[in-house]
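Biologist: I would like to learn how to read a model of this kind, feature by feature. Please give me the general idea each time, and then the case at hand.

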Amino acid sequence: MVEQHQLSNGIRVVCEPVTYAHSVAFGVWVRTGSAYESLENNGIAHMVEHMVFKRTKKRDAKQIADETAEIGGNLDACTSKEFTSYYAWVLKENLIHTIDLLGDMLTNSLFLDEDLEKEKDIVMEEIDMYHDSPEDVSHEMLQNLVWDNHPLGYLISGEKDIVEEFCGEDLKQFVEEFYTADNMIISIAGNISWDEIKGALEEAFGRIGVSKQAHVIEEPVFCPCVYLEEKDIEQVHLNIAYQSITSISEERYVLAVVNAILGAGVNSRLFLKVREEMGLAYAVYSYGSAFQKAGLLHLYAGLNANQFEPAMEAIGQEIKKLKKEPPKETEIVCAREQIKTDLIIQKENIKGRMNNNAREILLFNRIKPYEETIFKLNQVDKDQIIEYIQRWFCADKMAFSVVGNLKETSKERKTLPYLKGFFI
């Protein structure tokens, strides 16, 4: 059973004892990311994530690296648009050491300018790697235009000219503003009990203060658009985005089923038609990109440049067919089973439990019983699917990005009306 506790400063702790496990997953989640930034400091949440591994009042970078190895080497971090997480997956006997190490990193980091200047070079390489990936570019730049420079569209890593200007004091102020007790969740799952760890958690995190102001993401406005970028490669990377629901909408169960039917699997309509039957794309799939105030449903295809128009035609026909002919009951059943299987596999994974519990608290302020999720998935029916498709699969709620070999593409083919024409 999942337990909820609080430290003396109000930090919420989610603890899920799993007695049969031989390991423990431990994570600290902070409600911050690129969606909470401005144009002037875009990339700072990601830079903070990098810098906490560099130097604290007690440890330098080598000591942090050595102690990470001592606990098994599974200490890492991740910055997203809405959350930053620090996590470790360790043996039970190494958990107290892990709590002390991560607590030191998150409460005592020095953010020295000399360390920051070195780390900027690493982040610059990371930004270059992103720009070298046409698949990533097709996704990120489309989101940037769709949200019309709203923070939800900012790059998580930031842009080079902005990142280059950061100083240690900037990072300290950002941590002081966002890394606060009311803005953090500690999540633990595995072979552990609350009584065994509460003292260590209090020692490591109990002195963190409370924030002085609330942080709210404004709702963005969806903007139909086209993003085009020429790259000297043979392929074209196509990304189509439909406006969709938020991550906290009750319709998320319907979206999950729609996504599975459309493109999230080897028996999905897009995969079977565009790849298997017609051989037009080496990769084709759909995926949701949902946030607390907005959401998108993406369709992606990677293909040779000379297959662009036939692929667009085929994808457009599948969307028209989905709108005209509701999915068969067998498709709905298969989609639900696919989603439930993924959920069960995640639940059997200790790290998956830790992550899921943290997200549940951050998004819904409660842990939903597994049975509730399965029940709501089983309730998704044809009428709900039809209603979702008719409401969101519309020409005025579409945007496109095309990245890659555009040399032979005429001016007309680069316009929004031309691209939408395949879907109307």
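Biologist: Where in the chain is the place of Asn149?

Modeller: Helices (H or I, at least four residues) and strands (E, at least two) are DSSP runs, numbered from the N terminus; Asn149 has its place in the loop between α5 and α6. This is a predicted model, in which local features need pLDDT of at least 70 and side-chain atom pairs count only at pLDDT 80 or more, while totals for chains, interfaces and linings use all residues. Residues are numbered from 1 along each chain as its sequence is written, and side-chain values use heavy atoms, with hydrogens and water left out.

Biologist: What is the value of phi of Asn149?

Modeller: Most residues other than glycine have a negative phi. Asn149 is not a glycine, yet its phi is positive, near 65 degrees. Asn365 likewise has a positive phi, of about 65 degrees, without being a glycine, and Asn365 belongs to the loop between α13 (350-364) and α14 (370-379).

Biologist: Are Asn149 and Asn365 buried or exposed?

Modeller: Buried means under 20% relative accessible area and exposed over 50%, with partly exposed in between (1.4 Å probe, protein chains only). Asn149 has 44% relative accessibility and therefore counts as partly exposed, whereas Asn365, with a relative accessible area of 53%, is exposed.

Biologist: Which residues does Ser34 touch?

Modeller: Contact means heavy atoms within 4.5 Å. Leaving aside residues up to four places away in sequence, Ser34 touches Asn42, Ser80, Lys81, Pro151, Tyr154, Leu155 and Ile156. Ser34 is found in the loop between β3 (23-30) and α1 (44-51), and its relative accessible area is 0%, so Ser34 is buried. Glu230, which is found in strand β7, is partly exposed, with a relative accessible area of 39%. Its contacts, again without residues up to four places away in sequence, are Gly404, Asn405, Leu406 and Lys407. The C-alpha atoms of Glu230 and Glu408 are separated by 11 Å, although these two residues are 178 residues apart along the chain.

Biologist: How many aromatic pairs does a search of the whole structure find?

Modeller: Rings of Phe, Tyr and Trp (its six-membered ring) pair if their centres lie within 6.5 Å; planes under 30 degrees apart count as stacked, over 60 as edge-to-face and the rest as tilted. By this rule the search finds 13 aromatic pairs. One of them is Trp147 with Phe222, an edge-to-face pair at 6.2 Å centre to centre, with 80 degrees between the planes. This pair links distant parts of the chain, 75 residues apart: Trp147 is in the loop between α5 (134-146) and α6 (160-163), and Phe222 is in the loop between α8 (194-205) and β7 (226-230). Both Trp147 and Phe222 are buried.

Biologist: Which kind of pair do Tyr242 and Phe393 form?

Modeller: Tyr242 and Phe393 are stacked, at 4.5 Å centre to centre and with 25 degrees between the planes. Because Tyr242 lies in strand β8 (residues 235-243) and Phe393 in the loop between α15 (382-392) and β11 (398-404), the pair ties together parts that are 151 residues apart in sequence. Tyr242 counts as buried at 2% relative accessibility, and Phe393 is buried with a relative accessible area of 2%. Together with Tyr388 and Trp392, these two residues form one aromatic cluster.

Biologist: What sits over the ring of Trp392?

Modeller: A charge sits over a ring if NZ of Lys or CZ of Arg is within 6 Å of the ring centre and within 35 degrees of the ring normal. Here the charged end of Lys397 sits over the ring of Trp392, 4.7 Å from its centre.

Biologist: Which residues of the largest nonpolar core touch the most other members?

Modeller: A nonpolar core is a set of buried Ala, Val, Leu, Ile, Met, Phe, Trp, Tyr and Cys residues joined through side-chain atoms within 4.5 Å. The largest has 66 residues, of which Phe26, Tyr86, Ile186, Leu201 and Phe205 touch the most other members. Helix α3 (residues 95-108) gives the most to this core, with six residues. Another core lies apart from it and has 47 residues, including Ile245, Leu255, Leu297 and Ile332.

Biologist: Finally, how many helices and strands are there in the chain?

Modeller: The chain has 16 helices and eleven strands, and 55% of its 424 residues count as buried. Among contacts with a separation of 6 or more, 82% come from residues 24 or more positions apart.
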